[in-house]
Amino acid sequence: MLAVHNLSVNYRGIEALTSVSLTLNPGEWVGLIGPNGAGKSTLVKAILGLMPYKGQILLNGTTLKRQRRQVAYVPQRSQIDWDYPITAWNVVMMAQTAALGIGRSPNAKAKRLVSDALDRVEMLPLRHRQIGQLSGGQQQRIFLARALAQQPNLFLLDEPFSGIDKKTEAIMLSIFADLSEQGKTLLVCSHEWGEALNRYHRLLLLNRRVLANDTPQAVMTMENIQQAYGANISAALHNQNVIPFAC
Ligand code: ADP
Ligand code: MG
């Protein structure tokens with residue numbers, strides 16, 4: 001479904017990604033893991049066409065430009081302006097406004113999609129809250145609802161598990177499992193090097209290059225962690241929460 005071939009991205013001469021190739025198939029739930037600065041966000045943004053790159057990125061055999069609505073993006077927390085005065089409902093409605101065209105008021109179908117998505121992430125009762133007045137987990141669920149309401153085939157989620165509560169984690173994992181069962185494709189940047197990764201179909205270990213691309217069991221080995229972290233391995237593993245990977 002998504003084919004990335006020989007992708008390289010430079011920031012003013014510094015190579016953030018080198019010769020990255022990967023494919024994502026329908027129904028696949030794939031984790032993108034690697035140390036801080038590995039290029040995970042850069043890869044996601046290149047796929048979205050948000051930055052210049054060398055190489056090829058094809059969705060169903062063609063470029064993404066004309067199929068932008070097929071791809072939903074949940075940005076990393078740090079990239080969102082949480083002070084922006086907007087309600088939870090309107091954040092989710094943004095996906096619909098883009099589809100209807102600016103200035104058109106939402107029709108009944110758009111409202112139903114928004115309502116269903118908010119219900120799925122268990123946020124319907126708080127729909128009138130300002131986004132800045134929700135907890136980290138609730139905010140993350142709102143952005144997931146926006147992605148759901150868009151009804152895409154490919155979900156790109158940059159660090160969705162960062163700064164959330166257990167309830168939100170459970171809701172998100174259940175939604176990801178449902179989506180992949182429905183044939184949707186998920187690429188999830190995760191900073192958790194933990195149990196939950198075993199539920200993924202495949203893990204891509206990234207550090208500027210793809211270091212491993214296999215089942216969770218095959219990727220989560222000491223050797224691979226060492227390869228990704230190099231000299232920082234002991235620091236990474238001495239962390240009491242054992243979270244050596246950060247998006
Ligand atoms: P990750 O998401 O895995 O933490 P990023 O994709 O954010 O990694 O960053 C990859 C590398 O590119 C890092 O070395 C980072 O410092 C650099 N980088 C990211 N964004 C920019 C930018 N806008 N300008 C210059 N360098 C950047
Ligand atoms: Mg990142």
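Buried residues are those with under 20% relative accessible area, exposed ones have over 50% and partly exposed ones fall in between, with a 1.4 Å probe and protein chains only. These legends describe a predicted model, in which local features need pLDDT of at least 70 and side-chain atom pairs count only at pLDDT 80 or more, while totals for chains, interfaces and linings use all residues. Residues are numbered from 1 along each chain as its sequence is written, chains are lettered from A and ligands numbered from 1 in the order in which they are written, and side-chain values use heavy atoms, with hydrogens and water left out.

View 1. Helices (H or I, at least four residues) and strands (E, at least two) are DSSP runs numbered from the N terminus. In α1, the buried residues are Lys-40, Ser-41, Thr-42, Leu-43, Val-44, Lys-45, Ala-46 and Ile-47; because 8 of the 8 residues of α1 are buried, this helix is largely enclosed by the rest of the structure. Leu-43, which lies in α1, counts as buried at 0% relative accessibility. Leaving aside neighbours within four places in sequence, Leu-43 is in contact (heavy atoms within 4.5 Å) with Leu-7, Leu-17, Val-20, Leu-22 and Leu-32. The C-alpha atoms of Leu-43 and Arg-208 are separated by 9.5 Å, although these residues are 165 residues apart along the chain. Just after α1, Gly-49 takes a positive phi of about 75 degrees.

**View 2. The magnesium ion, ligand 2.** Ser-41, through OG, and Gln-76, through OE1, coordinate the magnesium ion at 2.1 to 2.5 Å. Ser-41 belongs to helix α1 (residues 40–47) and Gln-76 to the loop between β5 (71–74) and α2 (88–100), so the pair ties together parts that are 35 residues apart in sequence. Donors are N, O and S atoms within 2.8 Å of the metal (3.2 Å for Na, K and Ca), and as water is not among the atoms, sites may look incomplete. Both Ser-41 and Gln-76 are buried.

**View 3. Nonpolar cores.** A nonpolar core is a set of buried Ala, Val, Leu, Ile, Met, Phe, Trp, Tyr and Cys residues joined through side-chain atoms within 4.5 Å. The largest such core holds 50 residues, of which Ile-142 and Phe-176 touch the most other members. Beyond its neighbours within four places in sequence, Phe-176 is in contact with Trp-29, Leu-144, Leu-157, Pro-160, Phe-161, Leu-186 and Val-188. Apart from this core lies another, of 27 residues, which includes Leu-32, Leu-43, Ala-46 and Ile-47.

**View 4. Packing of α3 against α4.** The axes of helix α3 (residues 108–120) and helix α4 (residues 136–149) come within 8 Å and cross at roughly 135 degrees, where axes are lines fitted to C-alpha atoms, for helices over the stretch in contact, and angles run from 0 to 180 degrees between N-to-C directions. That angle makes α3 oblique to α4; angles under 35 degrees count as roughly parallel, over 145 as roughly antiparallel, 65 to 115 as roughly perpendicular and the rest as oblique. Leu-113, Ala-117, Leu-118 and Arg-120 in α3 meet Ile-142, Ala-145, Leu-148 and Ala-149 in α4.

**View 5. Packing of α4 against α5.** With their axes 9 Å apart, α4 and α5 pack at an angle of about 20 degrees, which makes α4 roughly parallel to α5. On the α4 side, the residues that meet α5 include Gly-137, Gln-138, Arg-141 and Leu-144, and their partners in α5 include Lys-167, Ile-171, Ile-175 and Phe-176.

**View 6. Leu-173 in helix α5.** Leu-173 has its place in α5 (residues 166–181) and is buried, with a relative accessible area of 8%. Apart from neighbours within four places in sequence, Leu-173 is in contact with Trp-29, Phe-161, Ala-196 and Arg-199. From Leu-173 to Ala-196 the C-alpha to C-alpha distance is 8.2 Å, while the two are 23 residues apart in sequence.

**View 7. Asparagines with positive phi.** Asn-6, although not a glycine, has a positive phi of about 55 degrees; Asn-6 lies in strand β1 (residues 2–11) and is partly exposed, with a relative accessible area of 41%. In Asn-60, likewise a residue other than glycine, phi is positive and near 50 degrees, and Asn-60 lies in the loop between β4 (54–59) and β5.
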